[in-house]
Amino acid sequence: MNKYYQHPVVIETLIDDSPGRLGLDSDNFFDYGHLRRSGAEIVTRDLAARISSLALPLKKQDEKKEVRIEWH
Amino acid sequence: MSRSSIFSSETLQLSGFRPYGTIVAFELLLVVDIFLARREMIWVFAQNSPIGIVHAMEGLVIKPTEQVSVLVLGNSRVRDAIIPAVLAEELGISRTNVLNISMTRGTPYDSLTIYRRNREKLAKTSLLIIGVEDFSQLRTNIPSERFRYFSSLAERCEHFYGEARASLIASYCWRTLDAYRSIRRLGKQILFRPNQRVSIGSDGRVIWRDNENAQYIDNSQEIAERIYGDRVLKYDSWALRELLDRCAEDGIPVLLYRPPLSTASGTASGAARSRHH
């Protein structure tokens with residue numbers, strides 16, 4: 001493991017080369033490196049679960065102040 | 001010897017130094033450098049260029065966002081893998097609190113640049129996810145276009161060597177050397193096609209490929225380059241270290257993340273590594 005991955009500010013290193021763990025197959029990829037939307041949803045939900053397990057205090061925007069943003 | 005002789009050396013002698021041509025040439029180079037190469041507009045005119053996309057993301061995505069809870073920085077694999085809306089939904093936070101500013105050919109240096117330029121806002125982030133790749137730890141001596149635009153003189157001297165360092169130092173003084181790609185791109189766009197604007201989706205990510213048929217969208221050729229092609233991305237581990245140091249100063253926890261690869265990727269990435277290193 002590279003020394004920079006062991007920096008004190010790094011709380012977690014998630015490196016997973018095995019698509020099998022998440023049940024991904026070739027249909028979930030554009031090519032060998034880029035995920036399609038279908039694969040990205042699986043990966044993102046898995047990532048969210050791992051973040052949730054870290055129990056970080058994530059700042060939430062005040063709903064009253066929430067502004068709808070359209071980036072188009 | 002007759003003056004008409006073709007072997008006479010007299011005809012080669014300067015009758016007097018006339019530097020007018022030299023001065024005119026120097027002035028022309030100076031005009032190009034000051035009024036073209038040093039203008040930000042030249043670099044960002046094409047939104048889908050390496051520099052233009054940084055400015056587009058800053059102006060169209062980061063600036064209008066009030067509160068960033070989870071920030072994602074990385075390359076195109078990370079951009080495609082992490083869907084802000086899904087992540088926000090799963091974490092129970094607002095969709096606009098999650099930003100994925102990953103970009104094609106994004107390196108740790110690019111992530112560091114975005115963080116440095118928008119630190120006031122991004123330092124309030126609750127969690128930073130940084131995309132990492134195996135090849136990000138391989139040192140190369142080829143500066144990227146973004147490095148040529150954003151780097152300081154000290155970074156140019158410290159992180160490159162030989163001809164690359166000499167070129168970077170020279171181009172720090174004579175910006176035309178750095179800007180020639182942007183100038184050429186501007187010329188092409190003026191002459192042959194309208195300005196190529198970058199497409200940003202409703203979740204703040206750059207749209208670069210049709211999700212259904214895997215075709216690149218037609219105006220994104222410059223940002224739609226493959227990672228494991230002939231132009232393997234140039235990463236530098238020092239930039240990652242710098243970014244982590246800044247996050248430590250700002251008290252931001254960092255999660256290093258590498259999205260899964262398909263089973264065919266092992267051979268392809270190995271071949272790319274052996275070809276370039």
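This briefing covers the fold, one sheet, one helix and the confidence scores of chain B. The model is predicted, with an ipTM of 0.83 and a pTM of 0.78. Chain B contains 13 helices and 4 strands, and 41% of its 277 residues count as buried. Of the contacts in chain B between residues at least 6 apart in sequence, 73% link residues at least 24 apart.

**Confidence**

- The average pLDDT of chain B is 79, and 75% of the residues reach at least 70.
- Among the elements of chain B, strand S1 (residues 70-73) has the highest mean pLDDT, at 96. Helix H13 (residues 265-276) of chain B has the lowest, at 46.
- Residues 267-277 of chain B have a pLDDT below 50, and the model gives this stretch 8 contacts beyond near neighbours in sequence.
- Residues 218-235 of chain B also stay under 50 in pLDDT. For these residues the model has 45 contacts beyond four places in sequence.

- An open sheet is built from 5 strands, ordered S1(A)-S4(B)-S3(B)-S1(B)-S2(B), with parallel pairing.
- At its edges are strand S1 (10-15) of chain A and strand S2 (98-100) of chain B, each of which pairs on one side only.
- On average, and with direction ignored, neighbouring strands of this sheet are turned by 15 degrees against each other.
- S1(B) and S2(B) run parallel and are joined by 3 bridges. In this pairing, B:Val70 is opposite B:Val98 of S2(B).
- Helix H5 (residues 84-91) of chain B lies across S1 and S2 of chain B, and runs at about 150 degrees to S2(B).

- B:Arg105 sits in the loop between S2 and helix H6 (108-117) of chain B.
- The phi of B:Arg105 is positive, near 65 degrees, and the residue is not a glycine. Most residues other than glycine have a negative phi.
- B:Arg105 counts as buried because 22 C-beta neighbours lie inside 10 Å, where the cut-off for buried is 20 or more.

**Helix H11(B) and its surroundings**

- Helix H11 of chain B covers residues 176-192, 17 residues in all. The distance from its first C-alpha to its last is 22 Å, close to the 24 Å expected at 1.5 Å a residue.
- H11(B) has a bend of about 30 degrees at B:Ser182.
- B:Ser182 is also buried, as are B:Asp178, B:Ala179 and B:Arg185 in H11(B).
- Which helices of chain B cover the buried residues of H11(B)? The cover includes helix H1 (20-37), helix H2 (40-44), helix H8 (145-150) and helix H10 (162-173).
- B:Phe35 belongs to helix H1 of chain B.
- Is B:Phe35 buried or exposed? B:Phe35 counts as exposed because it has 10 C-beta neighbours inside 10 Å, and the cut-off for exposed is 12 or fewer.
- B:Ala179, in contrast, is among the buried residues of H11(B).

Methods. Residues numbered from 1 in each chain as written. Chains lettered and ligands numbered in written order. Predicted model: local features only at pLDDT ≥ 70, side-chain atom pairs only at ≥ 80, totals over all residues. Helix = DSSP H or I, 4+ residues; strand = E, 2+ residues; numbered from the N terminus. Expected span 1.5 Å × (residues − 1). Bend = angle between axes of the 7 residues up to and from the residue. Contact = placed C-beta atoms within 7 Å. pLDDT = per-residue confidence, 0-100. Pairing = 2+ DSSP bridges. Axes fitted to C-alpha atoms, helices over the stretch in contact; angles between N-to-C directions.
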